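Dear colleague,

Please find the structure below, together with a short account of what was found in it.

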Amino acid sequence: MESYNKKIAPNDMVEFIHFSLDRTSAAALKWAREENFPWAHVLPDKHADSGLGKYAKKFVPYYMLVDKDGKILAEGSQAVFAMVDDL
């Protein structure tokens, strides 16, 4: 949350989206509400509709910076947050 609040939230050029790998949407929503996450969530039952499945990894957490055209710009938390600093 600290990195998000410091680097992502105030940056109008970046939107953080959580692609949930929880088994159910109910479990994903419960966790997100408990943690009070402020970002958008793609719930398991919406993976196919989101168009983001092609970016999904099978482990968490995984950070990826994608531009508006769908090109991957950076992967991994260090690389993503470093690139966000330059936006």
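Rings of Phe, Tyr and Trp (its six-membered ring) are taken to pair if their centres lie within 6.5 Å; planes under 30 degrees apart count as stacked, over 60 as edge-to-face and the rest as tilted. This is a predicted model, in which local features need pLDDT of at least 70 and side-chain atom pairs count only at pLDDT 80 or more, while totals for chains, interfaces and linings use all residues. Residues are numbered from 1 along each chain as its sequence is written, and side-chain values use heavy atoms, with hydrogens and water left out.

By the ring rule there are 8 aromatic pairs. In one of them, the ring centres of tyrosine 4 and tryptophan 39 are 4.7 Å apart and the planes stand at 70°, so this pair is edge-to-face. Tyrosine 4 belongs to helix α1 (residues 2-8) and tryptophan 39 to the loop between α2 (25-35) and β2 (40-42), so the pair ties together parts that are 35 residues apart in sequence. Helices (H or I, at least four residues) and strands (E, at least two) are DSSP runs, numbered from the N terminus.

Tyrosine 4 is buried at 13% relative accessibility, and tryptophan 39 is buried at 12%. Here buried means under 20% relative accessible area, exposed over 50%, and partly exposed in between (1.4 Å probe, protein chains only).

Ring pairs link Tyr4, Phe16, Trp31, Phe37, Trp39, Tyr63 and Phe81 into a cluster.

In the loop between α2 and β2, asparagine 36 has a positive phi of about 60° although it is not a glycine. Asparagine 36 is exposed, at 61%.

Yours sincerely
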